[in-house]
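Please look through the sequence and the model below before reading on.

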Amino acid sequence: MHDIILTKIGPLILSAIPISLIFINQLGKIFSRYNPRLGNTTTICTNLTKTLTKDSLVVRTIYFDKYKARIDNKNSLIKVKDMEKDEELLIDRRQLKKDKTLKEMATITILCSFKKLKRIETVLKEFFATCKIDKQKIKNDYEIIANIPSLPGKKFSTIVAAKIDTKEIFALTKGNPLQVLKKCTKTYFKGKKVELTPYLKRKIRKKIKRLNKNGEKAIGFAIKPLPKKRMKNYTEQFTENEMTYVG
């Protein structure tokens, strides 16, 4: 039986001393004479961070097109599952840069900065670098022409960028995947844009919730082609709707 015991002395100890599992064990022995149940405690609730958890972030899972990639950061090979055929294969992570949707994710990560995700952005950039996606080339290929204001409470960020060689203009969005998904009417499947039906939206929401349940922080990416003729002002209403959900 697992016991969760709250005592008056507990909060003082938890706030003053970094807790390790060894310390918890010793703590139980010390105070078991005052409360016999404390000696059998296996679970302690604390609001302190970085004491019982590992202080590191890594890219663990990527959903793109009809694929799911599971990342082992100690291995150059990545498990990629074709969710339509239910087949899995190992590929070198450098092959990911050939996939259009992965390149779009990298482009959005590098160009569309979001202050709330600064630490996560660094981890994403490091991951894409291991896939040999050239960050500087992406920066050289695009010109950022507008930043859509991120108001308080808004959980994603959008920029407008022009591709220098083709003059194409895009809205690029990154942030909370459930909020980003609400702005989208299309997604990718087998390399093509398809209608984002209610059924597909439900599937994507389930994937996002599964990641969150597993303790993974999920980030959503979306893109929208805009008219080539530049505008003086790009509004939220104009850019952040009818987007394509990248992954």
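Helices (H or I, at least four residues) and strands (E, at least two) are DSSP runs, numbered from the N terminus. By this rule the protein chain has 8 helices and 11 strands, and threonine 109 lies in one of these elements, helix α3. This is a predicted model, in which local features need pLDDT of at least 70 and side-chain atom pairs count only at pLDDT 80 or more, while totals for chains, interfaces and linings use all residues. Residues are numbered from 1 along each chain as its sequence is written, and side-chain values use heavy atoms, with hydrogens and water left out.

The predictor's confidence in each residue is given as pLDDT, from 0 to 100; the protein chain averages 81, and 78% of the residues score at least 70. Over residues 1-19, however, pLDDT stays under 50. Where pLDDT is low, the predicted coordinates should not be read in detail.

A residue is called buried under 20% relative accessible area, exposed over 50%, and partly exposed in between (1.4 Å probe, protein chains only). Of the 247 residues of the protein chain, 38% count as buried. Threonine 109 is buried because its relative accessibility is 1%. Contact means heavy atoms within 4.5 Å, and, leaving aside neighbours within four places in sequence, threonine 109 is in contact with Glu121, Leu124, Lys125, Phe128, Lys174 and Phe221.

A nonpolar core is a set of buried Ala, Val, Leu, Ile, Met, Phe, Trp, Tyr and Cys residues joined through side-chain atoms within 4.5 Å. The largest one here has 35 residues, and those with the most contacts inside it include Ile62, Met105, Phe127 and Leu172. Elements that each supply at least two residues of this core include β1 (61-64), α3 (100-111), α4 (118-130) and β10 (220-226), and the largest share, 6 residues, comes from α3. Phenylalanine 127, setting aside neighbours within four places in sequence, is in contact with Val59, Ile62, Ile71, Ile78, Arg93 and Leu96. Apart from this core lies another, of 21 residues, among them Ala162, Ala171, Ala218 and Tyr234.

Two loop residues complete the tour. Aspartate 86 is placed in the loop between β3 and β4 (87-92), and its phi is near 55°, a positive value in a residue other than glycine; aspartate 86 is exposed, with a relative accessible area of 55%. Lysine 167 lies in the loop between β6 and β7, has a phi near 70°, a positive value in a residue other than glycine, and counts as exposed at 53% relative accessibility.
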